[in-house]
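Hello,

Here is the structure I said I would pass on. Please open it first, then read my notes below.

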Amino acid sequence: MNETIRKDPAALHDDFMKVWGNPHGWRALTIVNHTTIGIRFMITGGVFFLIGGLLAMLMRTQLALPQQEIIGAELYNQLFTMHGTIMMFLFVVPMLEGLALYLIPKMIGARDLLFPRLSAFGYWCYLFGSIILLSSLLLGIAPNAGWFAYTPLSNAVYSPGPNIDFWLLGITFVEISAVSAGVELVVSILRSRSPGMSLLQMPLFCWYILIMAFMIVFGFPPLILGSILLELERAAGMPFFDIARGGDPILWQHLFWLFGHPEVYIIFLPAAGIVSTLLPVFAGRPIVAYRWVVLAVISTGFLSFGLWVHHMFAIGIPKLAQAFFSVASMLIAIPTGIQFFAWLATLWTGRPVYHIPMLWLTGFLVIFVAGGLTGVMLAVVPFNWQVHDTHFVVAHLHYVIVGGVLFPLIAGLYYWLPHFSGNMPSDKLARWGFWLTFIGFNTTFLVMHLTGLLGMPRRNYTYDANLGWDLPNSISSMGGFIFAMGIAMILLDILLHFRMGRQAGSNPWHADTLEWATSTPPQPYNFISLPDNPTRHPMWRKPDLQTSIAEGCHTLSEIDHGRRETWGSDPITGKIREIIHLPGNSWLPFFTALVLAVLCISLLLRTYDLALAAVGISSILLLRWSWINGAHPGAAPDATVVPGYPPLHSRTFDSPGLWGMIVTLLADGALFLSLLFGWFFLMIIAPHWRAPEVPPLPWLPLLITGGVLTGAAIWYKRLLQRLREGEGRRLQSQLWGIALIGFVHCFQLIGIWTNSTLTITQTAHDAVITVILMYLLFHSTLAAIMTVLQARRVAYGYVGKTVPYEVAVVEPWWLYTTSVFWLGVAAILLLPMAWGGN
Amino acid sequence: MFVIFVLLVAVVLPASSVEAHDGIKGVGDAWLPFTISMIMLMVFWCMYGIGTRRIPSPIERWLAFNVASLVAVLTMLIPLGGWVEESSAMHMIQHMLIMAVIMPLYMLARPLPQWVAVGGWPVVWLLKPLLYFSRYPMHTAFLQGVIIWFWHTPKFYNLALANPWWHLIEHICLVLGACVFWWSVLNRRTAVTLLALLFTLMHTGMLGALLTFAQIPLYNDSRDFNDQQLAGLIMWVPAGLPYLIAAIWCSLYWFRSTDGAINFWRDS
């Protein structure tokens, strides 16, 4: 099937740019291309890194000498809260996501991510969310309860101002962006690899990102839930974390660390992925023990979901539990050790060349090992208690995160800089940058271990003189400024290299992966033609790949149909299954995110009319978004395919949309599971839990309405079954029927809710039930609305026997809605009876 | 044969704990099921032995089966000391052994050909529904989850403690749930198995967490608070390990099976 006709690269490029080209001016806001979005993510993340660093400098200035009053206690609280929040949520995660969004399609030989509008939407959500969060700093009402916002400090009694609301709403907004990037990356990696790239032929970076994306999908929902609950408690007085009314503040900590521990690996895995990509290139040989590394990454993902309790050693959990988790925490050393030995063996058996990125990798190896060792110390409970809440912990976490994430990230930045810009950085400046950063970092934080061991507590804006803390603090502050100079040097280097850097040419590092087969800087379409790729090291096997791709020697180089296309492949083997056609530039992501930002602000100002309007408008925009899809002329102007090619994905049942739906439902399921966990947790553990004598909701109506919902879901399932068998008659009327039943169910549910005696501000019991009901109602309503949309689309001819894929996309939602309904009912009505049985 | 065998394990293990409940104080009505089930386990163990003569089984499977049976016997004998009766933690260890050690080993042993060779067609006929259900790892994970949560709610847990026959049913449920779960997970080379394992790891961990942090005594066999916490922690931490190991094992197998996929272009 490979064509060998060479075409004129310049003419092909012009043709492709007519379809793939990016607009300029205001219309640049409509761009959905992953290269642009990835770069926007990284630049924005870089700006927040500088802002976060600036806050750190302010704090170091304050702490440089004892009893200074440059910064007061209140501002200091805001500074350390915002420093942590910015670095974790607004810098590291988006930066790594941006890098992944930029690189993944290129590495797997695709032209774009599979949900381009979603990537743009994710970016705008991130940007607006972080601007809202940051504006609080300018207004002097920034969050001030620590980056983990523990209750009760963060509840309405002890933090009455809007500070914490900024944190909760802003972070939730940014997390929507993270989860959407997670879904997008999972589906793109699994479904759009170039022909024949089986899972085990993927570059290791893709494996790391795949696992990271899965961890985002499972790990972020608990925090999203926690934030929603805390915001409901603050705004509506629903007591989830209030002991007196049957809540429990410890629940917040569980939800936070249920996210927070995986988060550590969510940011470490991509960084380790950078190491595993760069080391083999500079050692000049394939990585040692590829499969073991993959296994290590998978098991890291698994382990990280079981170990969250070791962040809570000092809150009075049972001693026995501390012993167990102290031991279990050591387990993580095994997969990390496997990766380390694989890296060392690769260096040992290769011929390493010490370019700038390698310098940073060496720094990473040294610092991260040190951070890991203090981590082992902290896993020992008595020691943990000893240094709890001192600067020792601060030093440890900076060794882990700066050493484990920032150093590889800068290594990666230098490595891919020629790819971003086409120019090489300056060697001299880069070396200055590295050594200043390395020395500055170690001066700051190595000494800080000592400060902590000497007993200086963290999060205090000043300290008394002559406690032995004066000298180490001064040294740390000086180190901090050297560190900052190093970062400035790197920044200067990057800025200058656009102008003064020498041309990089193609593949300057002699790398093995496919992203170097694009032009540098890359064009929006990445590849003119998509090569078969049955090897882990395409660029080492065929060094002329770049030319043959540009000359259209490989597949899918037709563009006269005007569609943006890439291959849809089997998730495991990489065999070609269909042609995936992608939507083009659109205003919808920008405006939807903008309206959501308005929603966010109106919730902050507590103007609920405006909030309601924003919800309405954003749903209309989202419906419009899903309307331009499939057979809509805006999505696929011309549906003909070259003979011999597989069909368009919208003409099949197994589309990336279905995969996206399933992965989204996994995230949704993680949220629901966390909600049920919260319900059980409060029921069993909250000291003042109160449940009414009679069941809060009536049995019979719930059973009936559940039956109605189940009926609708079964009907939908059968409808799809028929469609699969090629039977598409009365499709529209059936869809209307299902939607109608769905709405009947919704009204019944609302009726049950309004007739119930739930007093949401009185007991945690009623408050949680209300949240579960809201959750169920949301899902049922959306199911019905989506079905209406399908029925309308049948009328327009966008959905039907030949274009069936959307019907298949909606089906999992119906099944999920039914499942959570019954689970929710069982949890509300049945389980309390069973738990109260002793 | 296989089903009978499963039922056998189901009878043997609960009977043993049934024994424990009345064991020391009075032999009573629990003695009978215990003896019968012990004999049955022995019989089926022997039958597998005979089966392997007709259809030889690879050494690792043979080992898996025999180790599983050995552990099963030990699990039956431990309660004779009456420990399970007086300790939630011991009880949880027993459950863990059944669900996360014995059953996966049996499933790895794949004794089906040997059973069929000795038992004939009725086995296949009886087995079909189970096999049919085990095609979907997530479904079996859900089923097992429902079973675990149901029997660990205090009401039903204590019911089983109070009545040997309910205890029997409890353990039949646990064995059947673990059986279909492990059968579908260990014999299916798809990535969904990883999801099923992660789901199981998560929800058993949550249940364990609830038991660990509970502020009131939940189970009638808890010696004291420490005992209940230990029970929760056993479910949370060590009982998670088999699922983790299974995930690694599945990935390894999966690697091996996808490695040959070089012939990549569509088969048309």
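Two residues are in contact if their C-beta atoms, placed from the backbone, lie within 7 Å. By that rule, 39 residues of chain A are in contact with 36 residues of chain B. The side of chain A that touches chain B has 29 nonpolar, eight polar and two charged residues. Here Ala, Val, Leu, Ile, Met, Phe, Trp, Tyr, Cys and Pro count as nonpolar, Asp, Glu, Lys and Arg as charged, and the others, Gly among them, as polar. Helices H8 (290–304), H9 (319–330), H20 (656–685) and H24 (805–835) of chain A each give two or more residues to that side. Helices are DSSP runs of H or I with at least four residues, numbered from the N terminus.

A note on the source: this is a predicted model, in which local features need pLDDT of at least 70 and side-chain atom pairs count only at pLDDT 80 or more, while totals for chains, interfaces and linings use all residues. Residues are numbered from 1 along each chain as its sequence is written, and chains are lettered from A in the order in which they are written.

Chain A, domains. The domain assignment, which is automatic or from a database, gives domain 1 (1–271 + 510–586 + 628–667) and domain 2 (690–838) of chain A. Their centres, taken over C-alpha atoms, are 30 Å apart. In domain 1, 22 residues are in contact with 23 residues of domain 2. The domain 1 side of this contact has nine nonpolar, 11 polar and two charged residues.

Core. A nonpolar core is a set of buried Ala, Val, Leu, Ile, Met, Phe, Trp, Tyr and Cys residues joined through C-beta atoms within 7 Å. A residue is buried if 20 or more other C-beta atoms lie within 10 Å of its own, exposed if 12 or fewer, and partly exposed in between. The largest core has 337 residues, and A:Val186, A:Ile209 and A:Val217 touch the most other members. Helix H7 (residues 249–283) of chain A gives the most to this core, with 23 residues. Both domains of chain A give residues to this core, so it lies between them.

Chain B. B:His203 is found in helix H11 (residues 192–213) of chain B. Is B:His203 exposed, partly exposed or buried? B:His203 is partly exposed because 19 other C-beta atoms lie within 10 Å. B:His203 and B:Gly145 are 58 residues apart in sequence, but their C-alpha atoms are 7.4 Å apart in space.

Regards
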